[in-house]
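Subject: Structure for you to look at

Hello,

Here is the structure that I said I would pass on. Please open it next to this email and find each residue as you read.

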Amino acid sequence: MTARLRGALLAGIALATAALFILYLRQSRSVAVGSDGGSIALQAWDMLRGNFLLHGWAMSDVSFYSTELPQYALLEWVRGLSPDVVHVGGAMTYTIVLLLAALVAIGKPARPGLRGRWDLRGGAHGERAVRAGITAGIMLAPAPGDGSSTLLLTPDHLGSTVPVLLVWLVVDRCRPRWYVPVAVGILLAWGLVADPLLEVTGVAPLVLVCAVRAAQRLHPKDPQDPQDPQDPGHPRRPASPGAGREHLRPAGPARRSTVAVRTERVPVAAVPRTVGASGWFELSLAAAALAAVGAATLVSALITAAGGFALRPVGTSFAGFAALSRNIGLTVQGIGVLFGAFFGRGQPVNVIFSSLHLVSVALFAAAFCVAWRRFFRREGFLVPALALAITLNLILYVHGDYVQNLLSSREITEVLPLGAVLAGRVMAGPVLKIRVRGRKVLGPVLGVVLAGYAAGLGVYAAQPAVATEHQDLAGWLVTRHLTGGLAIGYWLANSVTIDSGEVAEVREVSIRNGMLAVPDSGWGFARQWYAPAGHDADFVVTDAAPGTATWHSSLNSARNTFGPPARIYFYHQYTVLVWGQNLLTRLG
């Protein structure tokens with residue numbers, strides 16, 4: 001490829017990336033930002049103001065401390081605190097994950113010893129292009145509704161795929177040198193500080209696959225036991241005519257092909273080995289992955305010891321056999337949502353676009369089955385590790401209490417990019433080879449499907465933007481100069497705060513023994529908010545429907561704690577009780 005063509009290709013990729021980001025941003029704005037997004041935005045805002053260790057913060061079982069939180073802090077430094085930061089961050093993360101997934105799926109370029117003319121009807125470059133097309137196509141058009149909320153909005157496990165994809169990009173593209181395990185360990189430790197789920201989707205698959213490959217080297221089928229089918233002496237490679245001294249590249253059984261190739265003899269010694277015969281590379285990768293767990297644990301312990309944020313323990317309890325059938329059903333539907341193929345009632349999903357996304361599900365399912373069938377073949381790391389990561393993630397999800405509804409599929413969002421890469425790596429070859437009546441038909445069919453995905457993305461991105469969940473209340477409070485108060489429950493407080501740009505600071509309180517008190521569990525709050533010396537709150541707000549038992553309980557608890565309010569306002573579904581004095585001095 002000439003320098004001019006390479007520059008044009010890079011410019012085209014940059015323009016396509018910018019266009020995808022804009023489309024994803026517009027689609028993200030079609031769903032409302034809630035308290036989960038508000039919590040992450042407020043944590044980043046606190047870091048931006050100097051609280052780098054997030055002192056006093058109670059967080060969920062995922063901190064995003066080394067991944068999305070710096071991203072949000074940078075966005076807020078540029079744009080200020082607003083709900084749109086959550087939309088921009090979600091669109092940015094999804095675009096980055098898509099690009100990394102396509103890069104991993106493409107694989108390494110043709111070997112230096114191969115010099116020939118390749119066309120896009122087959123051959124190395126053709127297969128790499130199809131890999132990228134399949135991977136990017138599967139991820140191209142996230143479903144609206146629940147799909148947008150899960151993939152394009154609040155930070156969750158999708159962003160944690162970035163370190164995993166970078167690890168596999170390094171392992172797949174680089175020669176086996178000492179610095180590769182070092183880079184792998186650093187990347188995994190970086191991701192593990194943010195999200196412990198990488199132990200399941202990043203560390204465990206790499207360690208197990210490396211262990212299998214190392215064990216296979218103890219009983220090699222071949223004295224050299226090469227990992228790469230293109231390596232001389234591979235069990236599936238015919239012997240070269242020069243008694244192992246030279247061979248004809250590219251090798252393989254004779255077959256009919258439309259690929260124009262010019263071959264030349266290359267000495268065996270000139271063809272690089274993928275992995276050393278001693279197995280040091282596999283063992284080094286496994287050791288680096290395990291060391292990353294220890295390093296991330298040490299960093300988290302140091303943060304806690306220095307007074308930094310506190311994490312909730314990860315829930316791993318078994319939901320029980322009675323819940324398994326329900327969990328499996330919701331998991332299957334959740335995978336459909338992630339891959340854009342969901343026909344559920346109440347979802348604004350066009351039936352035609354959902355039907356097209358069944359092709360993505362089929363490609364993923366076929367690749368997943370093929371990967372497991374070939375798991376113990378001596379064919380490298382990536383494909384078996386991806387299949388294992390997806391399996392472990394799904395098992396961990398199905399057996400536990402996380403499965404509540406379709407939005408719970410945020411716990412398995414890594415299945416989408418990992419599954420897309422798996423489909424690209426495994427299914428590109430069959431797409432190019434399978435013929436019907438002597439003609440290759442799968443490529444054109446997938447091209448039509450890809451065009452349908454692009455059309456679907458345009459339709460989804462054209463949906464009107466919606467207001468945030470409590471934007472009306474935030475505006476009402478600001479106009480009445482009610483700028484500090486308390487909200488009963490998590491889902492109201494941080495949402496109102498970010499909707500007002502922190503002009504109205506509304507902090508969460510809970511009900512204990514008929515009194516309002518600082519939360520003693522949960523996440524998304526900082527304990528310094530409740531110090532009366534530096535903060536003020538003179539009202540309590542609830543969104544419970546008037547007349548309900550929850551509404552009566554909220555009002556009675558507020559009166560029991562602070563006495564009778566000076567004023568009571570009713571605005572839409574909200575009830576606002578105002579005292580006109582700092583309530584934090586009397587808060588339990």
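This is a predicted model: local features need pLDDT of at least 70, side-chain atom pairs count only at pLDDT 80 or more; totals for chains, interfaces and linings use all residues.

Residues are numbered from 1 along each chain as its sequence is written, and side-chain values use heavy atoms, with hydrogens and water left out.

The whole protein

The protein has 18 helices and 13 strands. Helices (H or I, at least four residues) and strands (E, at least two) are DSSP runs, numbered from the N terminus. Of the 588 residues in the protein, 53% are buried. Buried stands for under 20% relative accessible area, exposed for over 50%, and partly exposed for what is in between (1.4 Å probe, protein chains only). The protein exposes about 25900 Å², and carbon and sulfur atoms supply 64% of that area. Accessible areas come from the Shrake-Rupley method with a 1.4 Å probe; for residues, only the protein chains shown count as cover. Among contacts (heavy atoms within 4.5 Å) between residues at least 6 apart in sequence, 74% join residues at least 24 apart.

H2 and H17

How do H2 and H17 cross? Their axes come within 8 Å and cross at roughly 55°. That makes H2 oblique to H17. Axes are lines fitted to C-alpha atoms, for helices over the stretch in contact, and angles run from 0 to 180 degrees between N-to-C directions. Angles under 35 degrees count as roughly parallel, over 145 as roughly antiparallel, 65 to 115 as roughly perpendicular, and the rest as oblique. The crossing of H2 and H17 is left-handed. Left-handed means that the near helix is turned anticlockwise from the far one by less than a right angle; clockwise would be right-handed.

On the H2 side, the contact is made by Ser-35, Asp-36, Gly-37, Gly-38, Ser-39, Ala-41 and Leu-42. On the H17 side, the residues include Tyr-490, Asn-494 and Thr-497. By class, this contact has seven nonpolar, seven polar and one charged residues. Ala, Val, Leu, Ile, Met, Phe, Trp, Tyr, Cys and Pro count as nonpolar, Asp, Glu, Lys and Arg as charged, and the others, Gly among them, as polar.

H17 is largely enclosed by the rest of the structure, because nine of its 10 residues are buried. Among them are Tyr-490, Asn-494 and Asp-499.

Ser-39 sits in helix H2 (residues 35-48). Is Ser-39 buried or exposed? Ser-39 is buried, with a relative accessible area of 2%. Not counting residues up to four places away in sequence, Ser-39 touches Trp-57, Tyr-490, Asn-494 and Gly-524. The C-alpha atoms of Ser-39 and Phe-525 are 7.5 Å apart, although 486 residues separate the two along the chain.

After H17

Just after H17, Gly-501 takes a positive phi of about 65°. Glu-502 also has a positive phi of about 65°, although it is not a glycine. Glu-502 lies in the loop between helix H17 (490-499) and strand S8 (505-512), and is buried at 13% relative accessible area. Leaving aside neighbours within four places in sequence, Glu-502 is in contact with Leu-42, Trp-45, Arg-49, Leu-81, Thr-497 and Arg-507.

His-481 is another residue other than glycine with a positive phi, near 60°. His-481 is in the loop between helix H16 (471-479) and strand S7 (484-488), and counts as exposed, at 67% relative accessibility.

The contact of H9 with H10 has 11 nonpolar, no polar and four charged residues.

Helices H12 (residues 351-373) and H14 (residues 415-433) pack at about 70°, again with axes 8 Å apart. H12 and H14 are therefore roughly perpendicular. Their contact includes Phe-364 and Phe-368 of H12, and Leu-422 and Met-427 of H14. By class, the contact of H12 with H14 has 12 nonpolar, one polar and no charged residues.

Regards
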